[in-house]
Amino acid sequence: QVQLVESGGGLVQTGGSLRLSCAASGRTGGIYAMGWFRQTPGKEREFVAAMKWKEGHKYYGDFVQGRFTISRDDAGNTGYLEMNNLRPEDAATYYCATNRFLGLSLYQVRSYEFWGQGTQVTVSS
C-alpha cells in the first residue's frame, strides 16, 4: 500500500503559479509511476501529467502546453507539479496517484491504484 497526501493548492490569479506536492509513504519502493489528474464537479477526472518514477520519463495532457512540469525529489518520496501561467479553466481539484505496474496507459484513471485526497486549485480572472 502507498499513502499519498497532496498539498500546495490554493487561490491564485490568472497568470500566477502554484507548486503542488504529493508526499508518498508506505511501500514507495514499488512505485512505477506517479500521475496527476484533475476534476471539476460533474466532469470526469482528467489526465494532467505523469512520470515514470525511476526512469524519469514524463508525459503531459495536451492542454498543458508547456505550462506545467512534473518532477520528484531524489529520495523518490515526493512528487511535484509545478504549474505556471494558470488560467481560470485550470481551476479544479488536483489528485496525485501511483501505480506499480508497467504496461498500463499512464493517461488513464483506471491504471492507478492509490490516490490522494486531492487539493483544490482556484484561479481568479
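Arg38 and Asp90 are both buried, where buried denotes under 20% relative accessible area, exposed over 50% and partly exposed the range in between (1.4 Å probe, protein chains only). The model is predicted, with local features requiring pLDDT of at least 70 and side-chain atom pairs counted only at pLDDT 80 or more, whereas totals for chains, interfaces and linings use all residues. Residues are numbered from 1 along each chain as its sequence is written, and side-chain values use heavy atoms, with hydrogens and water left out.

The side chains of Arg38 and Asp90 form a salt bridge at 2.9 Å, N to O, the term being applied to a side-chain nitrogen of Lys or Arg within 4 Å of a carboxyl oxygen of Asp or Glu. This pair links distant parts of the chain, with Arg38 in strand β4 (residues 33–39) and Asp90 in the loop between β8 and β9 (92–99), 52 residues apart. Strands (E, at least two residues) and helices (H or I, at least four) are DSSP runs numbered from the N terminus. A salt bridge also joins Asp90 to Arg67 (2.6 Å, N to O); Arg67 lies in the loop between β6 (58–60) and β7 (68–72), 23 residues from Asp90. Relative accessibility is 1% for Asp90 and 5% for Arg67, which is likewise classed as buried. Arg38, Glu46, Arg67 and Asp90 are linked in a network of salt bridges.

Five salt bridges are counted by this rule. One of them connects Glu82 with Arg19 at 3.8 Å, N to O. Glu82 is in strand β8 (residues 78–83) and Arg19 in strand β3 (residues 18–26), so this pair ties together parts that are 63 residues apart in sequence. Glu82 is partly exposed at 29% relative accessible area, as is Arg19 at 46%.

Seven aromatic pairs are found in the whole structure, pairing being assigned to rings of Phe, Tyr and Trp (its six-membered ring) with centres within 6.5 Å, and planes under 30 degrees apart being stacked, over 60 edge-to-face and the rest tilted. Phe37 and Trp115 form a tilted pair, 5.3 Å centre to centre with 55° between the planes. Phe37 is buried, with a relative accessible area of 0%, whereas Trp115 is partly exposed at 25%. The rings of Tyr112 and Trp115 are edge-to-face because their planes stand at 65°, with centres 6.1 Å apart. Phe37, Phe47, Tyr59, Tyr107, Tyr112 and Trp115 form one aromatic cluster.

The charged end of Arg45 sits over the ring of Trp115, 4.9 Å from its centre, under a criterion of NZ of Lys or CZ of Arg within 6 Å of the ring centre and within 35 degrees of the ring normal. The charged end of Arg38 sits over the ring of Phe63, 3.8 Å from its centre.
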